[in-house]
Amino acid sequence: VTDSRCNTIQCNTDGSVSAVAAPFVQCPANGRLVGLTPEEGCAPRCVFGDECPAWVGSTNGRCDKGGAHFGSCYDPHRQQTTVQCLAHGLFDNYDCPADVPVKCRF
């Protein structure tokens, strides 16, 4: 872990996390580790695919992050545009509309 103020975790292939005693964090090859510093929420986790920027689903469109919504469609160049929150069952096969063309995961 790059910041000693955060706990050391290991991401499992199913996306769950486990605490480990080793001084490092592991993600499967297809995952990307985020949340290693207090500024990132000190919530280490593996991200598979594109992670939503922090503002998505928090400012213009209130998504239920970690609850009913799994991701969102947004426009990275227009933060004032309302985002489209996506439920778990919709995410994989959904094509975002032209006004919010980028799909991301929370």
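Author: A charge sits over a ring if NZ of Lys or CZ of Arg is within 6 Å of the ring centre and within 35 degrees of the ring normal. Lys103 meets that test: its charged end sits over the ring of Phe91, 4.9 Å from the ring centre. Keep in mind that this is a predicted model.

Now the ring pairs. The structure holds two aromatic pairs. In one of them, the ring centres of Trp55 and Tyr74 are 5.6 Å apart. Their planes stand at 85°, and over 60 degrees counts as edge-to-face, so this pair is edge-to-face. Trp55 lies in the loop between β4 (45-47) and β5 (69-74), while Tyr74 belongs to strand β5. The pair therefore ties together parts that are 19 residues apart in sequence. Trp55 has 15% relative accessibility and counts as buried. Tyr74, at 9%, counts as buried too.

Next come Phe70 and Phe91. Their ring centres are 5.1 Å apart and their planes are at 80°, so this pair is also edge-to-face. Phe70 lies in strand β5 and Phe91 in helix α1 (residues 88-91). The pair therefore ties together parts that are 21 residues apart in sequence. Phe70 is partly exposed, with a relative accessible area of 25%. Phe91 is buried, at 5%. Phe91 thus has two partners here: the ring of Phe70 and the charged end of Lys103.

Ser72 belongs in this picture. Ser72 lies in strand β5. Its relative accessibility is 0%, and under 20% means buried, so Ser72 counts as buried. A polar atom of the Ser72 side chain lies 3.0 Å from the backbone oxygen of Gln84. Leaving out residues up to four places away in sequence, Ser72 touches a list of residues that includes Phe91 and Lys103. Also among them are Cys52, Val56, Cys63, Cys85 and Cys104. Gln84 is on that list as well.

One more residue is worth a look. Gly67 is found in the loop between β4 and β5. Gly67 counts as partly exposed, at 31% relative accessibility. Gly67 and His88 are 21 residues apart in sequence, yet their C-alpha atoms are 9.2 Å apart in space.

To recap, the Trp55 and Tyr74 pair links a loop residue to strand β5. The Phe70 and Phe91 pair links strand β5 to helix α1. Lys103 has its charged end over the ring of Phe91, and Ser72 touches both Phe91 and Lys103.

Notes: Residues numbered from 1 in each chain as written. Predicted model: local features only at pLDDT ≥ 70, side-chain atom pairs only at ≥ 80, totals over all residues. Heavy atoms only, no water. Phe/Tyr/Trp six-rings, centres within 6.5 Å; stacked < 30°, edge-to-face > 60°. Helix = DSSP H or I, 4+ residues; strand = E, 2+ residues; numbered from the N terminus. Buried < 20%, exposed > 50% of the residue type's maximum accessible area, 1.4 Å probe, protein only. Polar contact = N/O pair within 3.5 Å; in protein donor to acceptor, adjacent residues only side chain to side chain. Contact = heavy atoms within 4.5 Å.
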